[in-house]
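Biologist: I am new to this structure and would like a close look at a single part of it. Please take one residue, describe its surroundings with care, and tell me how far the model can be read.

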Amino acid sequence: MEEETHTDAKIRAENGTGSSPRGPGCSLRHFACEQNLLSRPDGSASFLQGDTSVLAGVYGPAEVKVSKEIFNKATLEVILRPKIGLPGVAEKSRERLIRNTCEAVVLGTLHPRTSITVVLQVVSDAGSLLACCLNAACMALVDAGVPMRALFCGVACALDSDGTLVLDPTSKQEKLQQCLAAAQAASQHVFRFYRESLQRRYSKS
Amino acid sequence: MAEPASVAAESLAGSRARAARTVLGQVVLPGEELLLPEQEDAEGPGGAVERPLSLNARACSRVRVVCGPGLRRCGDRLLVTKCGRLRHKEPGSGSGGGVYWVDSQQKRYVPVKGDHVIGIVTAKSGDIFKVDVGGSEPASLSYLSFEGATKRNRPNVGDLIYGQFVVANKDMEPEMVCIDSCGRANGMGVIGQDGLLFKVTLGLIRKLLAPDCEIIQEVGKLYPLEIVFGMNGRIWVKAKTIQQTLILANILEACEHMTSDQRKQIFSRLAES
């Protein structure tokens, strides 16, 4: 009961190089998608980007608890489960981001007082996790036949230490980014400001 | 659904709206805008073209086109909201531009007025039954909407019901009845004992109920059977023995993914045994 759509897509910029190892070009990793692989949810999709893989299931439009129902549109819920451990704050913030994206795109007014639930399970994480989650959610919503006014996708992008742009970074590239070092340096400024303002407060008394 | 990834990655603001006529039978994605035939001339290759305002009423021939499932009106164009193949049906009697719709594959049913469905009675409350039809909320079925309804012959909780919707829109709870407009049952009502109820996709039901579908005739030649199709994806089958019933259920579920040759092979093999 499976429909497989394996898309071998390597999208390159004008001076992009080959797939791996990736040079200073703009090329995405090999991605593949499989739809309708789970029998219980109304729609499901598995999205692979290189080694990052996310499985998404969509239930809806289904019954909603009276406390959560909205009178004029569908209640959209996103649940993101990490590969190991319990969902934490990072998962919650990603859920909110994915939910805002889905709400902008799904025609919720066609199904008031119903719930549309998107459940995402991280199967393997090798960089660009949020982008992979967005793509899997979009394909699962399309598979479920939820009415949408547009499609959406996610592409992660990182800045290298020499200032070059890398699209769809692997986790190794994400870690080596200048962003992390720059953020750490900036956080020192913030802590210094905390200390100064608290010192100012206590020096008055 | 094999479409190249570049289509999905294309920004919709940049893509040109295509004429609906050229896309018939092809896969369309949510977010695409389609032009109706009368607008194709106006939107020439250069995009928005200035047309002189004509005072002659006959020059502007507005054809009435019906927007079916999967399409919405967006300005004077059609916006595709579901993924599937675009279909068109010519109008039967002259006037109007016909119906456009998207043939999409779905598992979840949304109640539509006039659809005949199989429901399961889940509760009695006051004067009505609550019937689970697979949608977002249970439908209500009045005690009196059966042919020859009396205090004695009523369905019980757990029975299967074949009925049609009289009220089904997004704002109200769906209501169904088991009589037609003349007051006769017309095949609707409580479905008998035994048999097997199973669920398939909505697309398969539409395919099986199409007028030119040979699957049901072939199945009928195999074993004598009783069968009820609900537009909500539920099929009820009953044959003489349990084994035959299960074989029929498996065949119907597998029909979706088999070509007609494979199907004929399986039928001939079963007919021999």
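**A loop residue and its setting**

Modeller: A:R113 is found in the loop of chain A that runs between helix 1 (89-105) and strand 6 (115-124), where helices (H or I, at least four residues) and strands (E, at least two) are DSSP runs numbered from the N terminus. This is a predicted model, in which local features need pLDDT of at least 70 and side-chain atom pairs count only at pLDDT 80 or more, while totals for chains, interfaces and linings use all residues. Residues are numbered from 1 along each chain as its sequence is written, chains are lettered from A and ligands numbered from 1 in the order in which they are written, and side-chain values use heavy atoms, with hydrogens and water left out.

The backbone at A:R113 has a phi near 60°, a positive value in a residue other than glycine. With a relative accessible area of 22%, A:R113 is partly exposed, a class that lies between buried (under 20% relative accessible area) and exposed (over 50%), using a 1.4 Å probe and protein chains only.

A:R113 also has a part in the interface between the two chains. Here 33 residues of chain A are in contact with 27 residues of chain B, contact meaning heavy atoms within 4.5 Å. Chain A and chain B bury about 2,300 Å² between them, with 59% of it on carbon and sulfur atoms; buried area is the accessible area (1.4 Å probe) that two parts lose on being put together, summed over both. Of the area that chain A buries against chain B, A:D42, A:R113 and A:L151 supply 20%, more than any other three residues.

A:N36, in the loop between strand 2 (31-35) and strand 3 (43-49) of chain A, has a positive phi of about 60° although it is not a glycine, and at 15% relative accessibility A:N36 counts as buried. The peptide bond from A:G60 to A:P61 is cis, with omega near -5°, and A:P61 lies in strand 4 (residues 52-62) of chain A.

As for how far to read the model, chain A averages a pLDDT of 79, and 80% of its residues score at least 70, pLDDT being the predictor's confidence in each residue, from 0 to 100. Over residues 1-26 of chain A, however, pLDDT stays under 50. Where pLDDT is low, the predicted coordinates should not be read in detail.
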